[in-house]
Amino acid sequence: MIYLDHHATTPVDPRVVEAMLPFFTTTFGNAGSVSHAYGWEARDAVEAARSAMALAIGASDKELLFTSGATESNNLAIKGAAGRQRRRGDHLITVATEHRAVLDPCERLARRGFQLTILPVDRQGYITPDQVAQAIRDDTLLVSVMLANNEIGTIQPIAEIGRLCHARGVLFHCDATQAVGKLPVDVEELGVDLMSFTAHKIYGPKGVGALYVRRRGPHVRLEPQIDGGGQEFSMRSGTLPVPQIIGFAKALELCLAEMPDEGTRLAGLRQRLFDGLTAAIEGVSLNGPEWDVPGRRLDANLNVSFSGVDGEALMMSMREIAVSSGSACTSSNPEPSHVLRALGIGDDLTRSSLRFGLGRGTTADEIDLAIRAVADSVERLRKLSG
Ligand SMILES: *Cc1c(COP(=O)(O)O)cnc(C)c1O
């Protein structure tokens, strides 16, 4: 099997597993136990992890809190801001290509009486800062825009949007799940007030995520969505998953150390994949932005349509490669991807799309095998359908 679905999840790096192991058995204390050394040791390890991770994104220790993943971080950011800051207004702004973990909380709030503006994107999936500027009203409470798209790799102009949100006194949330560990991400440079990310997309364990919550200029307060023991600055209660947090910090450290070289390597493999597919198959079209200008599309992402071929059927016919047609998070429902739809490419091309997500283990040999497998399957399916 060849795994080319790294936007859905990644294997845990063995170095991450190794860092986690002592925290299951030896240093197993509850980081909230203040009365003995088991608790202190666990707490010290968590705080060291928090510190390193906060530093890595340009934040301070008290601005980073741990959650169960980016879904929870997005929910806490959006519902938490809406619940606590309603005096700022009740208007929310987001984008049509956001992950469901952003769109669904926004839509739930809209059903509860909030106003919601969903900005359309252009053919490559971009919004402009101008669109955001024009959508902001006096009663706008929060803008939520993702950094990098999980289906088509579009990298949004977050820093410009951050500047104009701050100038207008509007809170700015960013789902940076696909960007952290792959691009330089600094909360000050980006001007974000809230930022979500998760461990399992960066070779860390599943079940742990983080939310950056700005403390200075402005001090952002959130209504907790989970009440209890008062952990995580009383914004997210629950016993901390110490091994996962240690693994998360290790995973981020490794990504940052390898980032520039790994980005170049993956961009090269993505080019090889695209060139190979277009050479071997007729009627291949690219979905999302081109990558001739650096910083416009994630290096590891390729999304293409094969005209006249059903993407779902294509995916199922290739037992040897793991790819995705649409977002894995919604693949239980057969609706065409809302992201591709938002590009306006038409339902036919949307239904004939495949998403390739390259990653740390991907080799040139695997890319060549994948090209062969896709080409053979496309040919077979086109013959079948005449
Ligand atoms: C994977 C993903 C999520 C959800 O993250 P979980 O940790 O699995 O909850 C949210 N946003 C984006 C952009 C993602 O790619």
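Author: Accessible areas here come from the Shrake-Rupley method with a 1.4 Å probe. In this predicted model, the chain exposes about 16,200 Å², and carbon and sulfur atoms supply 52% of that area.

Reader: Why is Thr 140 called buried?

Author: Buried means under 20% relative accessible area. Thr 140 has a relative accessible area of 3%, so the residue is buried. Of the 386 residues of the chain, 55% count as buried.

Reader: What makes the pair of Thr 140 and His 91 a polar contact?

Author: A polar contact needs a pair of N or O atoms within 3.5 Å. The side chains of Thr 140 and His 91 make such a contact at 2.8 Å.

Reader: Which residues touch Thr 140, leaving aside its neighbours within four places in sequence?

Author: Contact means heavy atoms within 4.5 Å. On that basis Thr 140 is in contact with Arg 88, His 91, Ile 93, Ala 135 and Val 170. Thr 140 itself lies in strand β5, which covers residues 140-144. The chain has 13 helices and 12 strands.

Reader: How do you know whether the radius of gyration of the chain agrees or disagrees with that of a compact globule?

Author: For 386 residues, a compact globule would have a radius of gyration near 21 Å. The chain has 21 Å, so the value agrees with a compact globule. Along its principal axes, the C-alpha trace spans about 70 × 55 × 35 Å.

How values were computed. Residues are numbered from 1 along each chain as its sequence is written. This is a predicted model: local features need pLDDT of at least 70, side-chain atom pairs count only at pLDDT 80 or more; totals for chains, interfaces and linings use all residues. Side-chain values use heavy atoms; hydrogens and water are left out. Helices (H or I, at least four residues) and strands (E, at least two) are DSSP runs, numbered from the N terminus. The radius of gyration is taken over C-alpha atoms; the globule rule is 2.2 Å times the number of residues to the power 0.38. Buried means under 20% relative accessible area, exposed over 50%, partly exposed in between (1.4 Å probe, protein chains only). A polar contact is a pair of N or O atoms within 3.5 Å; within protein, one must be able to donate a hydrogen and the other to accept it, and residues adjacent in sequence count only if both atoms are side-chain atoms.
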